[in-house]
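Hello,

I am passing a structure on to you, and you will find it just below. After it come my notes on what turned up.

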Amino acid sequence: MLHPLIAPHAPWLAPLAGFSDLPFRLLCRELGAAVAVTEMVSAKGLLYDSRNTRRLLDTCPADSPLVVQLFSSEPDCLYRAAVALAGDGFTYFDLNCGCSVRKVIKTGAGAALLDDPDWLVGCAAAMVRALGPGRVGVKLRLGPRPPARVDLDLAPRLADAGVSWLTLHPRHASQGFSGTANHDALAAFVAASPLPVLASGDLMAAEDGRRVLAHTGAAGVMYARGALADPRIFARHAALLPQTPETPGPALPPVCEVIRRHAALCREYADDRQALLRMRTAVPRYLRDLPGCRALRDRLCRVESWDELAHIVDEAEALGTAPLQAPGETA
Ligand SMILES: Cc1cc2nc3c(=O)[nH]c(=O)nc-3n(C[C@H](O)[C@H](O)[C@H](O)COP(=O)(O)O)c2cc1C
């Protein structure tokens, strides 16, 4: 059952197209993510058995509990993809109703579903028909474009359709990532929802997560860009819980240790070249606050081998600097 993990103490790793692959999910789990969501996966691509789509579903026993996020505007496609994936052993699913990338919305999928709530509910209901109760969530934005907002009765309607949890990123789809997440609107949505709601949006540090939980009454939080910047956000989230002397909070590993672990997981679980290219963008982000490492970051963006990466990480470590710091944290 996923429900005990839709809770304040159980932060989720958000779906992150191009980033929440198996190695990154495993890394975040080791650092305290309670649940992880795959990158969005095309239901149609799965039915055509596209190799590239299938690769997004690479998983392993430690990668659990896992939520597979699907996108499509066709209930029949979603139904058939869900049946096939359930047959392959996947348990939990999410319907993407928030992606505003042109390629997706021009097919009527992602955030385009927000324009037609009846159709959106029909898509979610098709997934529930395929999977049964307790297994389907829906991830929403505030609305397609201002001032249109998802009606507050959408949550009850999705509950009636058999959906089990919701996630809201409270920006309009047309905003992309501009402006700020409207956490007051999230609070109103939470108040009207019979389903547990996960909060998303502008949760760049664990302190943001704890603040938004308190402000909105959301059941839990989902870290996205905050996890990309520093996956130790999950450990920090736990560290902000009231501690007793018998249960000290988890220790935060130094950033270079996190990088080495991410690299090791990539080498174990991912296509070698592809994974190295991903490290070119991930590692400079992890080191962004390290004083004096600009030249190292430039080299990282062009890194050509795992050995070279290891040398650069050794050099970063030798800079003798403190681990990344959350806002407000002192060295
Ligand atoms: C690089 C990137 C990829 C994303 N991919 C997805 C996706 O595949 N599916 C989805 O529902 N949301 C996706 N999102 C949205 C995030 O899951 C999250 O809702 C959003 O970033 C707001 O949270 P944040 O402001 O704390 O980053 C993506 C966001 C980013 C930055």
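Which handedness does the crossing of α1 and α12 have? The crossing of α1 and α12 is right-handed (left-handed if the near helix is turned anticlockwise from the far one by less than a right angle, right-handed if clockwise).

Before the rest, two points on how to read this. Residues are numbered from 1 along each chain as its sequence is written. The model is predicted, and local features need pLDDT of at least 70, side-chain atom pairs count only at pLDDT 80 or more, while totals for chains, interfaces and linings use all residues. Helices (H or I, at least four residues) and strands (E, at least two) are DSSP runs, numbered from the N terminus.

**The α1 and α12 pair**

Helix α1 (residues 22-30) packs against helix α12 (residues 255-269) at an angle of about 135°, and their axes are 8 Å apart. Axes here are lines fitted to C-alpha atoms, for helices over the stretch in contact, with angles from 0 to 180 degrees between N-to-C directions. That makes α1 oblique to α12; angles under 35 degrees count as roughly parallel, over 145 as roughly antiparallel, 65 to 115 as roughly perpendicular and the rest as oblique. On the α1 side, L22, P23, L26 and L27 make the contact, and on the α12 side R261, H262, L265, C266 and Y269 do. Residues are in contact if their C-beta atoms, placed from the backbone, lie within 7 Å.

**The α4 and α6 pair**

The axes of helix α4 (residues 75-87) and helix α6 (residues 117-131) come within 8 Å and cross at roughly 30°, which means that α4 is roughly parallel to α6. This crossing of α4 and α6 is right-handed.

**Strand β5**

All six of the six residues of strand β5 (residues 92-97) are buried, so β5 is largely enclosed by the rest of the structure. Buried means 20 or more other C-beta atoms within 10 Å of a residue's own, exposed 12 or fewer, and partly exposed in between, with C-beta atoms placed from the backbone. Y92, D94 and N96 lie on one side of β5, and F93, L95 and C97 on the other. Strand β4 (residues 66-71) pairs with β5 in the parallel sense over four bridges (pairing needs at least two bridges found by DSSP). L70 has L95 of β5 as its bridge partner.

**L158**

L158 sits in helix α7 (residues 154-160) and is buried, with 28 other C-beta atoms within 10 Å. Leaving aside neighbours within four places in sequence, L158 is in contact with V121, A124, V138, V163, L166 and L195.

Best wishes

Conventions
Two residues are in contact if their C-beta atoms, placed from the backbone, lie within 7 Å.
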